[in-house]
Amino acid sequence: MGYIRAEEILPVEIIELIQQYVDGESIYIPRKSSHRQAWGTNTHIKQELLRRDRQIYKDYLAGSKIGELACKYYLSEKSIQRILRKANQ
């Protein structure tokens, strides 16, 4: 996320109004709810995690123990259990 100088895009009146609340600080202005995107929309992380979770389930069915899977995939045993529970649904 880049920063834009307020003076470059906002009228002086709005800057002065904002300065009544925040003077010289950085603030985050959220997107309009109609412009928000779901998590992972701009990357392929959702697909990667889905592939990983399917592989964990296959490994489990092939006989791997939860502790082994946790070490292999660098996850906690609770995370492995959650993934397995989700795969069983």
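Guide: Helices are DSSP runs of H or I with at least four residues, strands are E runs of at least two, and both are numbered from the N terminus. By that count, Arg-36 sits in the loop between helix H2 (12-19) and H3. Keep in mind that this is a predicted model, where local features need pLDDT of at least 70, side-chain atom pairs count only at pLDDT 80 or more, and totals for chains, interfaces and linings use all residues. Residues are numbered from 1 along each chain as its sequence is written, and side-chain values use heavy atoms, with hydrogens and water left out.

Visitor: Is Arg-36 buried or exposed?

Guide: Buried means under 20% relative accessible area, exposed over 50%, and partly exposed in between, using a 1.4 Å probe and protein chains only. Arg-36 has 52% relative accessibility, so it counts as exposed.

Visitor: And what is Arg-36 in contact with, leaving aside its neighbours within four places in sequence?

Guide: Contact means heavy atoms within 4.5 Å. On that basis, Arg-36 touches Pro-30 and Arg-31.

Visitor: On to H3. How does its length check out?

Guide: The expected span of a helix is 1.5 Å times one less than its number of residues. H3 (residues 45-61) has 17 residues and should span 24 Å, and its end C-alpha atoms are 24 Å apart, which agrees.

Visitor: Which residues of H3 are buried?

Guide: Asp-53, Ile-56 and Asp-59. To see how they are arranged, take the arc of the directions from the helix axis to the C-beta atoms. Down the axis of H3, the buried residues fall within an arc of 120°, so they line one face of the helix. The face turned away from that side carries exposed Arg-51, Arg-54, Lys-58 and Leu-61.

Visitor: What do the buried residues of H3 pack against?

Guide: Helix H4 (66-73) and helix H5 (77-88). In the meeting of H3 with H4, Arg-52, Gln-55, Ile-56, Asp-59 and Tyr-60 of H3 face Ile-66, Leu-69, Lys-72 and Tyr-73 of H4.

Visitor: What about H5: which residues are buried there?

Guide: Ser-79, Ile-80, Ile-83 and Leu-84. They cover an arc of only 135° around the axis, which puts them on the same side of H5. On the other side, Lys-78, Arg-85, Lys-86 and Asn-88 are exposed. The buried residues of H5 pack against H3 and H4.
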